[in-house]
Structure formats: structure tokens, C-alpha cells
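Biologist: Hi! Could you put the model up so we can go through some side chains together?
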Amino acid sequence: MSEDLRARWSRPIPNEALTRALVPDPDAPWSVIVHFASTLDGYEIAGASPTELMAFARPIHAAFVERGELPGDLTTLRVALFAEQRRDHFSDSASLPETMRYIHALVEAIRRQLIA
């Protein structure tokens, strides 16, 4: 990870400033993605508590598991990734291969939302 990315990831990045160059590589490890996930405060959008955040993110995760579907909205995708960061913080969930498949799918969906 470049120093430029590390510096940019240390603060919020609004959707309009997000570029593909700022999104982690498709096969990036969680240790890289976790920093990118924190560039949007999902609590501001989904609710101020972990319970509200998980209530927002749970149906998104379920749709992916059940049907392979993800939302087509950049903000929703970023909140879902933020929720995975918070879930992993409390449970080490990113150590599970199925969780990483979901996380990588979120990152790729975010990338597809962006113009070069």
C-alpha cells in the first residue's frame, strides 16, 4: 500500500472524491481493506449504535448469501463494508473465507460504481 493511500485512508472520503485508485485491489487482504472501510462513517448513515448499523447491514449480507445480489448504490455498499469492519472488530469475522468472499464482492461493487 502506498504512503499516499495510507494518508488518504486516514480520513473520511466522500463519495464524490472516491476514485478507483483509492479502492483496494480485488484480492487485497483484510489488513488493507479494513483501512479503506473506515473512510466512511457508517454510523452517520445507518444509525448511531452498533445494533442499528447491523440492522441496516444484515439484509444486504443476506441477499448476497442467498442470491448473490448486492445493492447498486455506492453509499449503501460503503456502509455495508463499514459494517463488516465493525463486525470483525468485535468477532474476528474476516478470518472466515465466506466473509472475505462477501467483503471482496463489496469492494468490487464499490469499484464498479466509480468512473476511473
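Biologist: What does the side chain of Gln85 reach?
Modeller: The Gln85 side chain reaches the backbone oxygen of Val34 at 3.3 Å. That is a polar contact: N or O atoms within 3.5 Å, one able to donate a hydrogen and the other to accept it, with residues adjacent in sequence counting only if both atoms are side-chain atoms. This is a predicted model, with local features needing pLDDT of at least 70, side-chain atom pairs counting only at 80 or more, and totals for chains, interfaces and linings using all residues. Residues are numbered from 1 along each chain as its sequence is written, and side-chain values use heavy atoms, without hydrogens and water.

Biologist: Is Gln85 buried or exposed?
Modeller: Buried, at 11% relative accessible area (buried is under 20%, exposed over 50%, partly exposed in between, with a 1.4 Å probe and protein chains only).

Biologist: And which residues is Gln85 in contact with, leaving aside neighbours within four places in sequence?
Modeller: Trp30, Val34, Ala37 and Ser38, where contact means heavy atoms within 4.5 Å.

Biologist: New topic: how many aromatic pairs are there?
Modeller: The count is 2. Rings of Phe, Tyr and Trp (its six-membered ring) pair if their centres lie within 6.5 Å; planes under 30 degrees apart are stacked, over 60 edge-to-face, the rest tilted. Tyr43 and Phe82 are edge-to-face, with centres 5.2 Å apart and 85° between the planes.

Biologist: What about Phe64 and Tyr102?
Modeller: Their ring centres are 5.3 Å apart and the planes sit at 45°, so that pair is tilted. Tyr102 is buried, at 1% relative accessible area.
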